[in-house]
Amino acid sequence: MTRPAEKNRYANAPRNADYTIDQMWHSYSAAEHDRWDRLYARSEAMLQDRAVLEFLNALKALDLSQSGIPDMAELSDRLEPLTGWRVVPVVELVPDAVFFDHLAHRRFPAGAFIRPEAEFDYLQEPDIFHDIFGHVPLLADPAYADFMQAYGRGGRRAMSRNMLPNLARLYWYTVEFGLMRAGDGLKIFGAGILSSVGESRFALDDPSPHRIAFDLDRVMRTDYIIDDYQQTYFVIESFQQLLEDCYADFTPVYDRLAGQGAIAPNATVPSDAVITPGTLDYFKQTKGSAA
Ligand SMILES: [Fe+2]
């Protein structure tokens, strides 16, 4: 991925073999710390009745509300006693094999740069707000923490079987854009939603997207879009259930999926347990071709 050098000031930072860098925490400007504080305050307020309880509790347990951009080493010292995970700074998205290796060793690689003010509301690439605010709190939950490590181990097996696109869909529709059933409603746990106030509203309230009960094979067959809100959200029952569904070797799943075509992001199929069928109105208006 290329991007203007001024947007990510770590672009030329010396990288270790595992792609980690020095966060150089003292080099963040007052304006950058202030930007974090405003992003944090806005999202925390929005998520009080929308995020899963595990996330809200972890914000407090990890003391993420303290002022300014977190120092990843200090944050790791608070996280590690809970579940053994640490957060390590990187420049940007790392190669798949490197990413899986970090996860398999309970290290979450997080982008060190913070979005520019001009992209306060949305940016496509993961910055420190998306990675730390969106991803890290749930690593304090034991079941979620085990799931993420299992995902990393599964990544290496998927690469050897050329099933990476299928595994990536699992990550996308859970870790990034997952919903969870909570009582008679739904709550957010996906980092891509948690770190976007617009999508935090859209994913739960808008009539446009489909909301479908999580099914591993179904999710692994479903294409996704990366430049807009999701057309389908999948709903898990609990982190424990997700862990149990995904802890096993995926070899039998991959065998079943071989030769099966992909499902479009806006489609439903007869076997779906649809929770709320979407109108797809948003996508008809924005894309003109979603239906
Ligand atoms: Fe992410």
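Here are some friendly questions and answers about the predicted model above.

Local features in this predicted model need pLDDT of at least 70, side-chain atom pairs count only at pLDDT 80 or more, and totals for chains, interfaces and linings use all residues. Residues are numbered from 1 along each chain as its sequence is written, and side-chain values use heavy atoms, leaving out hydrogens and water.

Me: Which residues of helix α2 are buried?
Reply: Helices are DSSP runs of H or I with at least four residues, strands are runs of E with at least two, and both are numbered from the N terminus. Buried means under 20% relative accessible area, exposed over 50%, and partly exposed in between, with a 1.4 Å probe and protein chains only. In α2, which spans residues 53-61, the buried ones are Phe55, Leu56, Ala58 and Leu59.

Me: Why do the buried residues of α2 line one face of the helix?
Reply: An α-helix has 3.6 residues a turn, so residues three or four places apart point the same way. The arc is taken from the directions between the helix axis and the C-beta atoms. Seen down the axis of α2, the buried residues line one face because they fall within an arc of 160 degrees.

Me: On the other side of α2, which residues are exposed?
Reply: The buried residues of α2 have cover that includes α1 (30-47), α5 (128-135) and α8 (191-194). On the other side of this helix, the exposed residues are Leu53 and Lys60.

Me: Which residues have the most contacts inside the largest nonpolar core?
Reply: A nonpolar core is a set of buried Ala, Val, Leu, Ile, Met, Phe, Trp, Tyr and Cys residues joined through side-chain atoms within 4.5 Å. The largest one here has 90 residues. Those with the most contacts inside it are Phe55, Ile132 and Met148.

Me: Which residues does Phe55 contact, leaving aside its neighbours within four places in sequence?
Reply: Contact means heavy atoms within 4.5 Å. With those neighbours set aside, Phe55 touches Leu47, Phe133, Gly134, Pro137, Leu138 and Leu194.

Me: What is the angle between the planes of Phe100 and Tyr151?
Reply: Rings of Phe, Tyr and Trp (its six-membered ring) pair if their centres lie within 6.5 Å; planes under 30 degrees apart are stacked, over 60 edge-to-face, and the rest tilted. The structure holds 23 such pairs. Phe100 and Tyr151 form a tilted one, with centres 5.9 Å apart and an angle between the planes of 55 degrees.

Me: How many residues apart are Phe100 and Tyr151?
Reply: Both residues are buried. Phe100 sits in helix α4 (residues 96-104) and Tyr151 in helix α6 (residues 142-160), so the pair links distant parts of the chain, 51 residues apart.

Me: Which residues coordinate the iron ion?
Reply: Donors are N, O and S atoms within 2.8 Å of the metal (3.2 Å for Na, K and Ca), and sites may look incomplete because water is not among the atoms. The spacing of the iron donors along the chain is H-x4-H-x40-E. At 2.0 to 2.8 Å, the coordinating residues are His130, His135 and Glu176.

Me: What is the range of angles among the four donor atoms of the iron ion?
Reply: Four donors are tetrahedral if all angles lie between 85 and 135 degrees; four are square planar and six octahedral if opposite donors are over 155 degrees apart and all others between 65 and 115; anything else is irregular. The iron site is irregular, with angles of 52 to 137 degrees.
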